[in-house]
Amino acid sequence: MGCCASVEGTPRPATTKGDAADVLATQPIAKADSQSGSAADMILPSSLFVSEPDPRMFGNAANEGKPEWTNKNWLKSRFHFSFAEYSDPRRSNFGVLRVMNDDLVQPNRGFGTHGHSNAEIVTYIVNGSLTHQDSMGTKETLGRGAIQFMTAGSGVQHSEHNLDKATALRFIQIWLNPWERGLRPNYGSRVARD
């Protein structure tokens with residue numbers, strides 16, 4: 001692996017997928033100082049596609065705009081890659097990384113039962129509580145700092161909800177393309193320790 005594109009003098013690693021390096025080279029980049037004092041590159045939030053779908057698409061009632069809501073729509077998603085209604089061939093994936101969404105779900109809303117297959121799905125709960133239920137018999141609620149993973153493999157049905165009546169839920173969801181298709185579905189989680 002060599003070096004390919006450079007933004008503000010920072011080399012970018014080459015990838016096995018031809019357009020992945022081009023994607024990074026065309027993203028608005030800013031320098032951010034980390035706690036250690038060194039600089040790090042980051043994609044600016046303003047460059048991400050924002051999706052605010054109709055609540056009925058996922059089995060929710062109409063938007064209510066209650067005072068405790070932090071956004072006018074039940075869901076506000078920021079897509080790093082092509083996903084749902086967003087399609088940009090320059091942002092289709094990065095190696096095995098297929099999806100990276102930053103989701104904000106308003107209180108008492110969520111994603112009704114839907115299916116996945118042949119994907120490794122990792123979810124990190126930033127704030128709030130996420131209740132997951134699936135066709136493997138799993139049902140659990142995870143809070144801030146928890147991580148869940150699911151091998152969709154040969155196929156799994158699941159739902160994800162924010163059952164809290166007053167607090168918004170924010171989570172980052174990552175989908176990875178597996179090296180092998182048709183794996184046995186699996187689920188697991190790790191709870192954060194303060």
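1. Threonine 151 has asparagine 186 of strand 15 as its bridge partner, and the two strands concerned, strand 12 and strand 15 (residues 186-190), run antiparallel and are joined by five bridges. Strands here are DSSP runs of E with at least two residues, helices are runs of H or I with at least four residues, and both are numbered from the N terminus; two strands pair if DSSP finds at least two bridges between them.

2. The model is a predicted one, in which local features need pLDDT of at least 70 and side-chain atom pairs count only at pLDDT 80 or more, while totals for chains, interfaces and linings use all residues. Residues are numbered from 1 along each chain as its sequence is written, and side-chain values use heavy atoms, with hydrogens and water left out.

3. Strand 12 (residues 147-151) also pairs with strand 9 (residues 120-127), in the antiparallel sense and over five bridges. Within strand 12, phenylalanine 149 is the residue that stands opposite valine 122.

4. Strand 10 (residues 130-134) and strand 11 (residues 139-142) form an antiparallel pair over four bridges, in which histidine 132 has glutamate 140 of strand 11 as its bridge partner. The hairpin of these strands has four residues between them, and glycine 137 takes a positive phi near 100 degrees there.

5. Taken over the chain, there are one helix and 15 strands, and 39% of the 194 residues count as buried, where buried means under 20% relative accessible area, exposed over 50%, and partly exposed in between, with a 1.4 Å probe and protein chains only. Among contacts (heavy atoms within 4.5 Å) between residues at least 6 apart in sequence, 65% join residues at least 24 apart. The accessible surface comes to about 10,800 Å², with 53% of that area belonging to carbon and sulfur atoms; the areas come from the Shrake-Rupley method with a 1.4 Å probe, and for residues only the protein chains shown count as cover.

6. Aspartate 102 has its place in strand 7 and counts as buried because its relative accessibility is 11%. Leaving aside neighbours within four places in sequence, aspartate 102 is in contact with Lys76, Ser77, Arg78, Arg170, Phe171 and Ile172. From aspartate 102 to arginine 170 the C-alpha to C-alpha distance is 7.3 Å, although 68 residues separate them in sequence.

7. Serine 159, in strand 13 (residues 156-162), is buried with a relative accessible area of 10%. Not counting residues up to four places away in sequence, serine 159 touches Phe111, Gly112, Thr113, Thr131, His132 and Gln133. Alanine 84, by contrast, is exposed at 63% and lies in the loop between strand 6 and strand 7.

8. The largest pocket holds about 310 Å³ of space, and of its 21 lining residues the closest to the centre are Phe58, Leu75, Phe83, Asn101 and Phe111. On a 1 Å grid over the protein atoms alone, a pocket is an open set of points with protein on both sides within 12 Å along at least five of seven lines, a cavity is a set where a 1.4 Å probe fits but cannot get out, and lining residues have an atom within 4 Å of a point. Grid points are joined across faces, edges and corners, and the volume is the space filled by probe spheres set on the points.

9. Strand 8 gives the largest share of this lining, five residues, while strand 6 (75-79), strand 7 (97-105), strand 8 (109-116) and strand 14 (169-176) each supply at least two. By class the lining has ten nonpolar, eight polar and three charged residues, with Ala, Val, Leu, Ile, Met, Phe, Trp, Tyr, Cys and Pro counted as nonpolar, Asp, Glu, Lys and Arg as charged, and the others, Gly among them, as polar.
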